[in-house]
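Have a look at the sequence and the model first.

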Amino acid sequence: MNIRRIIASALGSLLIFFSSTGQTAFAEISLPDGAVKGLPERLAALDDEGNAVNSETGEYFFHVEDMEYGKTYTKNIQLMNLREDATYHIWFSTEPLFKAGEIDLEKGCECRFYMDGQEFYKGDVNGKGNIDLTAKAYDCGSYAPGESHTLRCEIIWNDIDVMTTVDNGNRLVDIDGEHVLVGPNGSGYAEGEIEFKWIFYAQLDQEEGKTPSTGVLGSSAFWIVTIGCTAAMAGVMLFLVKRKEKNKGKEKA
């Protein structure tokens with residue numbers, strides 16, 4: 001058998017092996033296997049009023065009463081890793097629950113999200129905008145021991161045209177401590193309600209003192225197989241070269 005064909009075949013098999021493992025190692029995924037709802041102990045998420053994200057379910061509710069037209073409502077959530085022995089990754093998504101009333105607050109309100117002051121989302125309060133937070137969790141980054149970042153949300157009711165069944169709906173007045181809409185003769189009472197929640201996820205990135213996994217290319221098994229293939233190729237080549245030299249010696253004799 002031709003030595004060059006054997007070498008070419010062996011090298012081709014090795015290249016296919018590298019190609020397939022490379023695709024596996026660098027495949028992109030939005031929420032990796034192992035990321036679960038909730039935050040483990042001492043991985044904290046607190047708003048500016050001291051309210052915490054539910055550590056077991058990862059759920060957080062943004063509640064506003066008596067929302068006023070044109071006023072911006074903000075919420076700052078501090079994401080912190082208070083552990084000393086592990087690095088974690090955090091994601092979050094939104095989940096709409098229900099809406100009711102004559103004022104469509106889903107269409108009438110604008111929502112913006114910022115991470116450490118950098119805007120990454122603009123859309124409705126339910127999470128549908130420039131990105132869809134109901135379909136793909138947002139990557140809030142990796143948190144080493146002692147590291148923290150701030151997730152900020154701003155919501156404003158800025159569209160008055162979403163009001164229905166209201167006379168003279170461009171007027172906003174205060175009745176019995178509640179901001180409502182009324183017509184010129186006290187008619188046309190209207191209100192709106194919307195409920196949604198945020199969900200936080202976490203995944204262990206690395207335990208301190210341990211080298212993080214770097215995928216297939218960084219695993220010992222990968223290199224053992226690669227070295228084994230190379231050694232086998234070298235062995236085949238040496239055997240064929242020696243056999244060819246031996247055959248030449250016989251021909252001369």
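Does Phe92 count as buried or exposed? Phe92 counts as buried, because its relative accessibility is 0%; buried means under 20% relative accessible area, exposed over 50% and partly exposed in between, with a 1.4 Å probe and protein chains only.

## About the model

This is a predicted model, in which local features need pLDDT of at least 70, side-chain atom pairs count only at pLDDT 80 or more, and totals for chains, interfaces and linings use all residues. Residues are numbered from 1 along each chain as its sequence is written, and side-chain values use heavy atoms, with hydrogens and water left out.

## The nonpolar cores

The largest nonpolar core holds 34 residues. Such a core is a set of buried Ala, Val, Leu, Ile, Met, Phe, Trp, Tyr and Cys residues joined through side-chain atoms within 4.5 Å. Among the residues with the most contacts inside this core are Leu79, Phe92, Phe113, Leu151 and Trp198. Strands that each supply at least two of its residues include E4 (72-81), E5 (86-101), E9 (148-157) and E12 (192-207); strands (E, at least two residues) and helices (H or I, at least four) are DSSP runs, numbered from the N terminus. A second, separate core has 5 residues, including Ala35 and Ile199.

Leu151 shows what this looks like for one side chain. Leaving aside neighbours within four places in sequence, Leu151 is in contact (heavy atoms within 4.5 Å) with residues including Leu79, Phe92, Phe113, Phe120 and Phe200.

## Aromatic pairs

A search of the whole structure gives 11 aromatic pairs. Rings of Phe, Tyr and Trp (its six-membered ring) pair if their centres lie within 6.5 Å; planes under 30 degrees apart count as stacked, over 60 as edge-to-face and the rest as tilted. The Phe92 and Tyr138 rings are edge-to-face, because their planes stand at 75°, with the centres 6.4 Å apart. This pair links strand E5 to strand E8, its residues being 46 apart in the chain. Tyr138 counts as partly exposed, because its relative accessibility is 22%.

Phe113 and Phe120 are stacked, at 5.9 Å centre to centre and 15° between the planes. Both Phe113 and Phe120 are buried. One aromatic cluster takes in Phe92, Phe113, Phe120 and Tyr138, among others.

## The open sheet

An open sheet is formed by 5 strands in the order E2-E4-E9-E6-E7, with antiparallel pairing; two strands pair if DSSP finds at least two bridges between them. E2 and E7 stand at the edges with a single partner strand each, so one side of each lacks a neighbour in the sheet.

E6 and E9 run antiparallel and are joined by 7 bridges. Tyr114 stands opposite Arg152 in E9.
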